[in-house]
Amino acid sequence: MDHISACTLDCPDCCSVLVRTGDDGNVSITGNPDHPFTKGFICAKGRRAYTRLCAEDRITTPLMRVNGAFTPVDWDTALDAIADKIAALRETPAAMLHIRSHGYRGVLAEASTFLFRSLGASSTRGALCDDAGIEASIMDFGALHHNDPHDLLNAGFIINWGKDFSRSSLHLGQIIKEARKRGKKVITISPGGDGNAEYSDTVIRIRPGTDRFLAAALIRKLLVRGYASSTALLKSANWESFKELISAQDERRLLQACDCSQNDLNMLANIYANMDMKPVASILGWGLQRHVFGGENVRFINALAFLSGQVGRKGGGVYFNISSGRNLNTSWARDAGTPARRLLIPAIGREILSAEPAIRFLWVDGSNFVNQTPDAATNIKAMEGIDCTVVVDSYMTDTAMRADVILPCAQNHEREEILGSCLHNHVQYSAEVFPPKGESRHDFDIMSDLARRLGITPPDREEVLRQALDTPFLSTSLEELRDKGFATANHPAIAWEEYEFAHPDGKYRLPETLHTEPAFPEGFDMQLMSLVHRDYLHSQIPETAQNTLPTVWVNSGAPVLGTLDRDKPIYLATPKGRMEVTVEVLTDLHPRCIIIRRGGWMKHGASANPLIETRITDIGETAAYYSQPARLEN
Ligand SMILES: Nc1nc2c(c(=O)[nH]1)N[C@H]1C(S)=C(S)[C@@H](COP(=O)(O)OP(=O)(O)OC[C@H]3O[C@@H](n4cnc5c(=O)[nH]c(N)nc54)[C@H](O)[C@@H]3O)O[C@H]1N2
Ligand SMILES: Nc1nc2c(c(=O)[nH]1)N[C@H]1C(S)=C(S)[C@@H](COP(=O)(O)OP(=O)(O)OC[C@H]3O[C@@H](n4cnc5c(=O)[nH]c(N)nc54)[C@H](O)[C@@H]3O)O[C@H]1N2
Ligand SMILES: [Mo]
C-alpha cells in the first residue's frame, strides 16, 4: 500500500515521498512523482528513513538517571519528575533554558517553543546554519525572497557561488542538469573538492571565505566599463558612499585576496555585464557565509547581481533562501510568551557557564547541540553544572548521554507534520504511516502532557494543523492536504520584479564596508572546512557507521603531504587540540583547505567540533565554522 508522507529532515528540498508497505513486511520510500519539486526521486537520507526507525540502538522508553545509570521508567514517572523541577523554578524562569534546533521540521515541532515561551524560560539567539546570509540578505533587500527555483531554466548563465549540488540539494542539482541540457551555462565558484564539476561548464577555484573580494572586483570592473544598471543605481539608498568604497579598491589586490585570476575576473565580468542580453542567475551556497565575514560575502554577491541589473528579472535573481515558515501560521507558538533572555547558540557552552542567574534546568529537543556547536568540549563542562537536563530524542547522542531524563520521540513517518521549504513554495504533509516504536510519542503530545501538569492549557493538535494553513498564500484545507500530500503557496515567480524593496523607503541597501580577511596564527596555515555528508543529515548517523577513523581530504600537491610520516598516526590539529584521522587527496581542492565531512560523534572520536573555536560571523551571529585555522601533523 502507498502512503503519501514527507521527509522532515532539515533540508531545503523538503521532499514529498511515497512510503510503500508490502504484505511481506517490506517497506520502501521513494519520491512522490506528482510533486512538482520532488519529481519522483529522493536522496539516500530520505530512502533510509525506515532503517532509522528500526535501528537496534533506538531508545523507545523514557529513561531516567538513577545512581548514575539510565533506568527505564514509565511516562508518568518521567513527566511528574520533570514537572516538579520546572514548578520549583517557575518564579525564576531565566534559570530554565530551552534549546531546540532543526533535527526535524514542522509546525507541530514548535510544541516546545510554545511551552517554554509560555513559561518565559531562557532561549537561544544566533544560529549554527544560515543566519549570516539571511540577515545579510534582509539588510540588502529588506526581506527574504527569491525567484521560483524552476525559473533557473530561463537563465542564460547560472553562477553557482559554492552550493554543492551533488550533496546538499539534489533536486536543485536536477534543475541545474536540466538547464545545462537546454544549453544554459553553469559556472561554479568554490574552493573545490566538492561534486560540482559534473554540474558545471567552468569551475573557478576560490580561496575559502573570500568571495566578497571577487564580487567587489567584478562590481568595480562593471562600474569602470559603465555597465552598472541605471535603474539599480536609482533604487539604491546609499549609492554614493558605495561608489567611493569600490573606487578605493585595487583590482590586483582584490584578486590576490581571493586567489582568483584576471581571466576568471574577465570571464565573469563579461557574463554579469550582460553583453549578450542573457539573464544571469546567482545561487549562493551556505558555505561562503560560514566564515567570519560570511555576511559581507553574501552582501557583495547580492550587490553584484543587483547592480548588474539581474535582480527582479526572469531567468536572473539571487537565490540564498526563503523562510521555510513563510507559508505556515505558527503564531500559537511564537506568540506564547517572551523568553527571559537569549543565550548565544554558537557559543552555548561558554554562555551556560557564565549565565547569571545560573542555568539549573535544560530542555533539548531536535538538537544534538553538545556535538554540533563549536568548542564542543566546553559544552560537556557546561552540561555537568546543570541540575536537570531533559533530552527528547531517539538515539544516545553526545547530548542525550549527558541528560538526566531522555524522552523517546516518534520519528519521521511515525508522526503527523506539516512543513515548508526554504527553497521552494510547496507545503508538505508528513503522515503517521507507522505507529511510534515502543513507547515513543509525538513531541507535541509529550509537550501537551507536561503543559497540563504545569497548569498550562496546550492547544489542540488538530486545531494547530488547521491554523497552520491559515495564511494569505495558501488555499487548501487540511483534508485536501492530507489527501494530496502537498499544496502550493502563491508567490510571484519572479522576486522583486516591481523593484520595490522591503525597506520602508522601498530602496536597496549596498554594503558599507569591505573587511580584509584575518591572518591565521603561526603554525596553523590551513583552513578546516567541515562540510555536509552526502549520506546523512548532520549527526543523524548510525553509530555502526562510525567505527573507522574519520577521513580528511587535502590537495594532492599540498606541501604538508611531504612532511607527514604515513607510517605513524596522523592528526588534524587546531589551537584547541587534535584528533587522529586518515588522509586522502583530491586534485581540485584549494591547497589551503582541509575538508572533513561533518556530523561524526564525539564519543566515537569522529567530531571536529571540539577542535573548532568559537567564531561568530560579522552579521547574523552565526557559527563561523569554516574560518578555523588548522594543520595536519604526526
Ligand atoms: N563542524 C560543523 N558543525 C556544524 C556545521 C558545520 O558547518 N560544521 N553546520 C551546522 C548546521 S548547518 C546545522 S543545521 C546544525 C545541525 O545540528 P542539529 O540541529 O543538532 O542537528 P542534527 O545533528 O541533525 O541532530 C538533530 C537531532 O534531532 C533528533 N530528532 C530527529 N527527529 C526528531 C523528532 O521528531 N523529535 C525530536 N525531539 N528529535 C528528533 C535526531 O535524532 C538528532 O539527534 O549543525 C551545525 N554543525
Ligand atoms: N546530504 C546532506 N544534505 C544536507 C545536509 C546534510 O547534512 N547532508 N544538511 C542540510 C543543511 S541543515 C544545510 S545548512 C545545507 C548546507 O548546504 P551547503 O551550504 O550547500 O553545504 P556545505 O557543505 O556547508 O557547504 C557547501 C559548499 O560550500 C563551499 N564553500 C565553503 N566555503 C566557501 C567559500 O568561502 N566560498 C565559496 N564559494 N564556497 C565555499 C564548499 O566547497 C562546500 O562544498 O545542506 C542541507 N542538506
Ligand atoms: Mo543547516
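**Close-up views of a predicted model**

**View 1. Where strands S4 and S16 meet.** Leu 63 sits across from Ile 406 of strand S16. This is a predicted model, and here strand S4 (residues 63–66) and strand S16 (residues 405–407) run antiparallel, joined by 2 bridges. As a reminder, strands of a sheet pair through backbone hydrogen bonds, in either a parallel or an antiparallel way.

**View 2. The open sheet of six strands.** Follow the order S5-S4-S16-S15-S14-S6 to trace the 6 strands of this open sheet, whose pairing is mixed. Strand S5 (69–72) and strand S6 (96–100) are the edges; each has a single partner strand, so one side of each has no neighbour in the sheet. On average, and ignoring direction, neighbouring strands of this sheet are turned by 20 degrees against each other.

**View 3. Two helices against the sheet.** Helix H4 (residues 111–119) packs on the sheet, where H4 touches S6 and strand S14 (361–365). The direction of H4 makes about 160 degrees with that of S6. Now look for helix H17 (residues 443–453), which lies across S14, strand S15 (388–392) and S16. H17 runs at about 155 degrees to S14.

**View 4. Trp 363 and the largest nonpolar core.** Which residues touch the most other members of this core of 59 residues? They are Ile 82, Phe 361, Trp 363, Leu 407 and Ile 418. Helix H3 (residues 75–88) gives the largest share of the core, with 6 residues. Leaving aside neighbours within four places in sequence, Trp 363 has contacts that include Ile 82, Leu 97, Phe 116, Val 390, Leu 407 and Ile 446. His 98 and Ser 112 are also among the contacts of Trp 363. Another core, of 58 residues, lies apart from this one and includes Leu 254, Cys 258, Leu 284 and Ala 495.

**View 5. The S2–S3 hairpin.** Strand S2 (residues 16–21) and strand S3 (residues 27–31) run antiparallel and are joined by 5 bridges. Thr 21 faces Val 27 of S3 across the pair. The hairpin has 5 residues between its two strands, and Gly 25 in the turn has a positive phi of about 90 degrees.

View 6. Is Cys 14 buried or exposed? Its relative accessibility is 3%, so Cys 14 counts as buried. You will find Cys 14 in the loop between strand S1 (2–6) and S2. Beyond neighbours within four places in sequence, Cys 14 is in contact with Leu 419, Gly 420, Ser 421, His 424 and Gln 428. His 171 is 157 residues from Cys 14 along the chain, and their C-alpha atoms are separated by 9.7 Å.

Terms used. Residues numbered from 1 in each chain as written. Chains lettered and ligands numbered in written order. Predicted model: local features only at pLDDT ≥ 70, side-chain atom pairs only at ≥ 80, totals over all residues. Heavy atoms only, no water. Pairing = 2+ DSSP bridges. Helix = DSSP H or I, 4+ residues; strand = E, 2+ residues; numbered from the N terminus. Axes fitted to C-alpha atoms, helices over the stretch in contact; angles between N-to-C directions. Contact = heavy atoms within 4.5 Å. Core = buried A, V, L, I, M, F, W, Y, C linked by side-chain atoms within 4.5 Å. Buried < 20%, exposed > 50% of the residue type's maximum accessible area, 1.4 Å probe, protein only.
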